[in-house]
Amino acid sequence: METLSNGISIATSSESDIGTIGTNILITTDRDAPALIDNLNLNRLWTPNANMTVGNWTFGQQGLAFGSGACYGEAVNTGGAPCPLGLSAAVSYSGSGGGMDYTVQLVTPQGTLDGDGVDDVGGANIRGSLPDLQARISRPMGPMNFSMGMQLRQYGYEQSGGGTNTILLAGASDDTIGWGIFPEISIPLGMDKLYAGVALTNGGRNTNINHSLWTGSRGDMGTVDPNTGHISNTQTVSWHSYYTHYWSDTTRSTLHLHGGNSNPSDLSTGTDGNAPPLTKWRTVSGNIVWSLAPRVTTGIGVIYNSALFRGDNLNGTQVTKGGDEANTAIEGHWRVTVSY
C-alpha cells in the first residue's frame with residue numbers, strides 16, 4: 001500500500017464593485033512520488049494551482065484552456081485518465097455571449113525539442129518569445145454539451161554552444177509555429193454519461209499525459225535536424241472516451257478508452273535505443289465504485305496499457321532496442337475516499 005498524494009486546498013472569495021475577488025492555492029506532496037517509493041508521503045511540496053481571480057480575469061498558476069477537464073471520467077488509480085493536461089503561469093479571461101461560454105488565455109511559453117535523437121538541444125531560449133495563445137469555447141446542443149479547445153504558439157531555440165548538443169554549431173537557431181485543436185462532446189443518458197474527444201496538435205503542447213510522460217518529452221513538440229538546424233514539428237493525434245453507468249444510487253462503473261499516434265522525426269531515435277520516442281499508445285481501464293456509508297466511497301479498477309516506442313516495430317529507424325511487439329502492462333488499483 002502506497003500513499004501517492006497528500007494535499008490541502010485553500011480558497012477565499014469576496015464580492016467587490018469590480019466583481020468577485022478570490023484566491024485559490026492547492027498544495028500537494030506528489031511531485032517526487034516515483035523517485036521516493038519508500039516514503040511517498042514525504043515528498044517535496046509544490047503548488048499545482050496558485051492564482052487570483054478579479055471578476056472575469058484569472059492571474060497566476062492555473063490549468064490551460066486547451067483541456068477542459070471533461071475527459072477525466074471517474075478513475076480508481078491516482079493518476080486518472082491520460083487526458084490533455086497542462087499547468088502554467090498564465091492570464092485568462094472568461095465570459096459568455098451568443099449562447100456560449102468562452103475562455104481566452106495567454107500562457108508562459110515553453111518548448112521541448114529533441115536535437116538529434118541523442119542529445120537535447122542545449123542553449124538559450126528553448127521556448128517562444130511570445131506568450132502562447134489558448135482558448136476554449138463551449139455551448140449546449142440540446143441535452144449535449146460541445147466544447148472546443150485551441151492553441152497557437154511560437155517556439156524555437158538558440159544554440160549557445162554550451163549545452164549537451166555539440167552537433168549543432170554555436171549560434172544556430174530556428175523558430176516555428178505550433179497549433180492544436182481539441183473538440184469534445186458530452187452526452188447525458190439518464191444518470192449515465194458518454195464522453196468523446198479528439199486532440200490534434202502540430203508542434204503543440206499538452207496533447208496527452210502519456211505522450212508527455214512516457215517520452216520524457218523527447219520529440220514531444222518538435223525535432224531539430226542537426227544538419228540544417230531547422231525544426232520539424234511533431235504531429236500527434238489522441239482520442240479519449242469513457243462511459244459511466246449507474247447501477248444504483250450508490251454504485252457505478254466507468255469504462256475508459258484512450259489512444260494516440262505520434263510522428264516525431266525519424267532523426268529522433270534515442271540514445272543507443274534506450275530512450276526512443278513514443279509513437280503509439282493504447283489505454284483501456286474499467287472500474288466499479290460504490291458507497292460503503294455516507295461520505296465513505298471505495299472502488300476497484302483494472303488498467304491495460306500498451307506503448308510502442310520507435311524501434312519496437314522494426315521500422316526504418318530501427319535502434320538497438322529491437323523487437324516487434326509493444327510494451328504492455330496490466331495494473332490493479334483499490335481506493336477508499338473519506339470526505340468530511
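**From values to words**

Author: Let us begin with the hairpin that E1 and E2 form, in which six residues lie between the two strands and Gly19 in the turn has a positive phi of about 110°. Please keep in mind that this is a predicted model.

Reader: Why is strand E1 said to lie largely in the open?

Author: A residue is buried when its relative accessible area is under 20%, and of the eight residues of E1 (residues 7–14) the number that are buried is zero, so the strand lies largely in the open.

Reader: Why is Ser88 called buried?

Author: Ser88, which is found in strand E5 (residues 87–97), has a relative accessibility of 8%, and because this is under 20%, Ser88 counts as buried. Leaving aside neighbours within four places in sequence, the residues in contact with Ser88 include Gly60, Leu64, Val107 and Arg205.

Reader: How do you know whether Cys71 and Cys83 are buried or exposed?

Author: The same cut-off of under 20% applies: Cys71 is at 1% relative accessibility and therefore counts as buried, and Cys83, at 0%, counts as buried too.

Reader: How many disulfides does a search of the whole structure find?

Author: The search finds zero disulfides, where a disulfide would need a pair of cysteine sulfur atoms within 2.5 Å.

Conventions. Residues numbered from 1 in each chain as written. Predicted model: local features only at pLDDT ≥ 70, side-chain atom pairs only at ≥ 80, totals over all residues. Heavy atoms only, no water. Buried < 20%, exposed > 50% of the residue type's maximum accessible area, 1.4 Å probe, protein only. Helix = DSSP H or I, 4+ residues; strand = E, 2+ residues; numbered from the N terminus. Pairing = 2+ DSSP bridges. Contact = heavy atoms within 4.5 Å.
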